[in-house]
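Here are a few exercises on aromatic contacts. Work through each one, then check the solution.

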Amino acid sequence: MDAMKQAITAFVLTFGLTLPAPAQDPPDKTANLVVSAKMDVWRAGGYNDGSDGVSPAKFDFVAGKNHFITFPIVTGSWSCGAGALYSADGTNAGADCNGPRHIVDPIGGVSGFDSTDFYGALTGLFLDDTPTTTPAPPLRFYVTNNTMGGFPTGIREFHPRLGQVFFIGDGLTGTGTGDYQRFWVPPAATHLYLGYVDAYPGPNPLPNGYSNNVGGLTVFLRLHTRIPSNPCDLPPAYGL
């Protein structure tokens with residue numbers, strides 16, 4: 001075997017050939033985004049949902065398989081303007097402006113969102129470059145109240161679909177503590193949008209009530225790219 005290696009090396013040196021470098025994953029991409037309390041997650045991609053909010057923060061990247069995003073640092077707080085401060089994980093206590101915890105119907109081509117026992121958390125949405133026309137099913141999240149089903153906010157791995165609004169919070173399995181959560185990127189996605197769920201109370205709430213919000217969050221995120229050598233390395237497909 002050593003003799004064969006020496007012969008190949010001599011051949012390369014003699015004829016000036018260059019052997020291809022081994023394939024490598026592209027480097028991780030990072031961003032530091034300010035997510036104003038006035039950012040309506042359903043205004044992603046320039047869609048006008050009729051709310052008084054503004055477009056959400058956007059993170060652009062190249063589509064690819066087996067990519068995931070973590071949120072190593074999320075700081076700040078926001079308020080609906082009445083004095084109650086919400087962390088990135090939102091609140092499950094009675095506050096001065098207890099907003100709706102869900103928007104049942106899809107907004108444009110984007111899913112609704114449901115939370116059983118909290119509100120005011122940072123949410124995300126993956127989209128590609130094509131306008132979404134068929135909404136994905138809405139996701140439901142809970143902190144402790146799982147009587148209506150759904151996904152725990154402290155889930156370790158999560159796989160949202162394109163056009164599906166999902167909980168991010170502070171990016172940890174606990175509030176201010178725990179492991180980094182992994183949010184797996186749909187293979188066709190090229191944008192992540194960050195914003196909030198807000199609405200006026202009513203039987204069928206729609207996105208609104210953003211204009212009087214104050215504050216916001218500063219979010220440092222990282223896009224991880226890898227090619228698993230073993231399919232078993234991939235996490236279970238939550239959220240599908």
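Buried means under 20% relative accessible area, exposed over 50%, and partly exposed in between (1.4 Å probe, protein chains only). The model is predicted, so to speak a computed one: local features need pLDDT of at least 70, side-chain atom pairs count only at pLDDT 80 or more, and totals for chains, interfaces and linings use all residues. Residues are numbered from 1 along each chain as its sequence is written, and side-chain values use heavy atoms, with hydrogens and water left out.

**Exercise 1.** Classify phenylalanine 167 and phenylalanine 141: buried or exposed?

Solution. Phenylalanine 167 has 4% relative accessibility, so it counts as buried. Phenylalanine 141, with a relative accessible area of 2%, is buried.

**Exercise 2.** Count the aromatic pairs and work out the geometry of phenylalanine 71 with phenylalanine 183.

Solution. Start with the rule: rings of Phe, Tyr and Trp (its six-membered ring) pair if their centres lie within 6.5 Å; planes under 30 degrees apart are stacked, over 60 edge-to-face, the rest tilted. That gives 15 aromatic pairs. Phenylalanine 71 and phenylalanine 183 sit 5.6 Å centre to centre with 80° between the planes, hence edge-to-face. Both of these residues are buried.

**Exercise 3.** Which residues form one aromatic cluster?

Solution. The cluster is made up of Phe59, Phe61, Phe71, Phe126, Phe166 and Phe183.

**Exercise 4.** Which ring does arginine 182 lie over?

Solution. The criterion is NZ of Lys or CZ of Arg within 6 Å of the ring centre and within 35 degrees of the ring normal. Arginine 182 lies over the face of phenylalanine 68, at 4.6 Å from the ring centre.
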